[in-house]
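Here are my notes on this one, in numbered points. Have the model open while you read.

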Amino acid sequence: MTTTAAVSTVDTEAGPFTTIVDTDGAVLASGWTADPGALHPLIHASIRPAELITRADLGAVTKAVIAYHEGELAAVAQTPVRQRGGEFMEAAWLALRTVPAGSPVSYAEYAALAGRPAAVRAAATACARNPAALFVPCHRVLRTGGGLGGFRWGPEVKRWLLTHEGS
């Protein structure tokens, strides 16, 4: 288990965005909140840091967040992420990283991308439990028929992201 991790919040057009990053630069949790306390419990217990150290800037991670929000949609794609969960959950999170900006998928399509086409509810659960929003783009999954569906950070943020990505 990591004992400390760095945390930083930047202002974006979609609202304050906070990221928790491990000592090696991997994102552990992120989302549109100014409260690191809303993110810390989302990190799997096996990798959850005991202490968060606030920093003004997280280097490459902060640059990627700002660049994405300024229109460079691929800026976050190569940022390392560390997530833990069950076998399907981890496969589903990896599959999310293959969904391109501007090309959202349905929950059924997402389940197929994750390797289990019949596991639509499990795929939805993977989205709901995703601790690394933006870097693992769960906002790119929509209900069949194009409805927004749920999003931890609210429908307004999800709508902003999809519009920003040209969806």
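**Cavity, helix contact and an aromatic pair**

1. Searching the whole structure turns up one cavity of 30 Å³ or more. A cavity here is a set of points on a 1 Å grid over the protein atoms alone where a 1.4 Å probe fits but cannot get out. The largest cavity holds about 40 Å³ of space, a volume being the space filled by probe spheres set on the points.

2. Before going on: this is a predicted model, where local features need pLDDT of at least 70, side-chain atom pairs count only at pLDDT 80 or more, and totals for chains, interfaces and linings use all residues. Residues are numbered from 1 along each chain as its sequence is written, and side-chain values use heavy atoms, with hydrogens and water left out.

3. Who lines the largest cavity? Ser8, Thr9, Val10, Phe17, Thr19, Leu58, Val61, Thr62 and Val65 do (an atom within 4 Å of a point). Two or more of the lining residues come from each of β1 (4–12), β2 (15–21) and α2 (60–69). The lining has five nonpolar, four polar and no charged residues.

4. Now the helices: α3 (residues 87–96) packs on α5 (residues 120–129) at about 75 degrees, axes 9 Å apart. That makes α3 roughly perpendicular to α5 (65 to 115 degrees). In contact terms (heavy atoms within 4.5 Å), Phe88, Met89, Ala92, Trp93 and Leu96 of α3 meet Ala122, Ala123, Thr125, Ala126, Cys127 and Arg129 of α5.

5. There are three aromatic pairs in the structure (ring centres within 6.5 Å). Phe17 sits in strand β2 and Phe135 in the loop between α5 and β6 (141–142), so the pair ties together parts 118 residues apart in sequence.

Terms used. Axes fitted to C-alpha atoms, helices over the stretch in contact; angles between N-to-C directions. Helix = DSSP H or I, 4+ residues; strand = E, 2+ residues; numbered from the N terminus. Parallel < 35°, antiparallel > 145°, perpendicular 65-115°, else oblique. 1 Å grid on protein atoms, 1.4 Å probe; cavity = no way out; pocket = protein on both sides within 12 Å on 5 of 7 lines; lining within 4 Å. Nonpolar A, V, L, I, M, F, W, Y, C, P; charged D, E, K, R; others polar. Phe/Tyr/Trp six-rings, centres within 6.5 Å; stacked < 30°, edge-to-face > 60°.
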